[in-house]
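Dear colleague,

Please find below the structure that I am handing over to you. My notes on what was found in it follow.

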Amino acid sequence: MKKKDKTPFALKVIRWVYPKAERIAPLATHRYFTKLFFTPFRYEAPEKEKKAETFAVKFSLEAAGKRIQCYSWGEGKPVLVVHGWAGRATQFRRFVKPLNAAGFKVVGFDGPAHGNSEGKTTTITEFEEVMHKMFTAIGKPVAVIAHSFGGGAVLYSAMNGLPVTRLINIASPSIGDEIINTYISALRGSPATGTFFKEYIKKTYGKSFDEFTSSYFIRHLPAPVDLLLVHDEGDKEVSIRQAEQIVTLYPSARLLKTKGLGHTRILKDDHVIRSCVTFIKNGTSTE
């Protein structure tokens with residue numbers, strides 16, 4: 001059976017238009033890219049994720065001027081889950097029962113401009129604000145599990161003082177050029193787009209784009225973090241080289257490699273989930 005294409009219609013249109021527009025009006029097109037970069041496309045949640053919403057305790061909080069939809073499953077010490085770009089908290093649905101069975105409560109949120117939360121654009125600093133408010137609302141989690149962009153957002157927050165002591169980063173990017181090139185490839189743009197974007201970030205924020213990556217954050221943490229990296233060798237969206245880069249920069253990090261799971265199916269794998277639960281249990285056994 002042919003797999004259903006879940007790509008949002010707007011993204012399909014942009015992929016068709018962008019390379020043509022870049023050839024005709026490169027400056028205007030590159031400026032448009034700077035807006036697209038901070039605009040997550042909303043993918044429709046599959047039925048199994050919608051079902052996971054039905055047995056969650058829902059609550060909301062205000063952050064970055066937006067209403068943020070939050071979820072809680074089970075009872076016990078909290079484990080916070082942080083989704084990736086264009087993701088949702090319910091993508092961690094397969095983690096809920098195993099963590100609940102191990103005595104942990106699973107708490108998550110739809111980031112600004114994601115899922116059921118308000119907003120059309122967002123940034124890593126807005127995710128940071130949400131996480132600070134989540135820590136206040138639920139208490140300090142015993143661990144955080146993050147996917148893709150979410151992993152960078154957690155490390156950024158930790159660098160800025162969020163008291164993260166135990167972190168699992170799954171399929172998380174860390175290398176600036178590869179992050180930008182992934183976006184450009186998704187829109188079928190040229191390398192000139194990347195050059196313009198890096199100059200834009202430097203002018204707008206006074207920092208290079210590399211200073212907004214996990215490779216920078218991990219080297220500027222104010223306190224140690226017990227870090228487990230989970231990454232698939234065949235991930236086409238975020239190469240495993242990016243996880244290996246973090247291990248090089250932060251040798252205490254552990255890396256669990258998988259095969260054949262790609263970028264998102266890795267969140268549904270039983271071995272991955274068991275390994276994450278064990279990592280959390282071992283770290284909390286004496287707390």
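A residue is called buried when its relative accessible area is under 20%, exposed when that area is over 50%, and partly exposed in between (1.4 Å probe, protein chains only). Helices (H or I, at least four residues) and strands (E, at least two) are DSSP runs, numbered from the N terminus.

Please note that this is a predicted model, in which local features need pLDDT of at least 70 and side-chain atom pairs count only at pLDDT 80 or more, while totals for chains, interfaces and linings use all residues. Residues are numbered from 1 along each chain as its sequence is written, and side-chain values use heavy atoms, with hydrogens and water left out.

I begin with helix α8. This helix comprises residues 191-205, 15 residues in total, and reaches 21 Å from its first C-alpha to its last, close to the expected 21 Å (1.5 Å times one less than its number of residues). Its buried residues are Thr193, Gly194, Phe197 and Ile201. They lie on the same side of α8 because they cover an arc of only 95° around the axis, taken from the directions from the helix axis to the C-beta atoms. On the face turned away from that buried side are the exposed residues Pro191 and Lys203. Among the elements covering the buried residues of α8 are α1 (9-24), α2 (26-36) and α7 (176-187). Just after the helix, Gly206 has a positive phi of about 70°.

Thr193 has a relative accessible area of 1% and is therefore buried. Apart from neighbours within four places in sequence, Thr193 is in contact (heavy atoms within 4.5 Å) with Tyr18, Glu22, His30, Phe33 and Ile184.

Turning to the sheet, 8 strands form an open, mixed arrangement in the order β1-β2-β4-β3-β5-β6-β7-β8. The edge strands, each pairing on one side only, are β1 (57-63) and β8 (254-258); two strands pair if DSSP finds at least two bridges between them. Strands β1 and β2 (residues 66-73) run antiparallel and are joined by 7 bridges. The bridge partner of Glu62 is Arg67 in β2.

Finally, there are the nonpolar cores, each a set of buried Ala, Val, Leu, Ile, Met, Phe, Trp, Tyr and Cys residues joined through side-chain atoms within 4.5 Å. In the largest, which has 52 residues, Val82, Phe109, Met131, Val164 and Leu167 touch the most other members. A second, separate core has 30 residues, including Phe104, Ala171, Val230 and Ile280.

Yours sincerely
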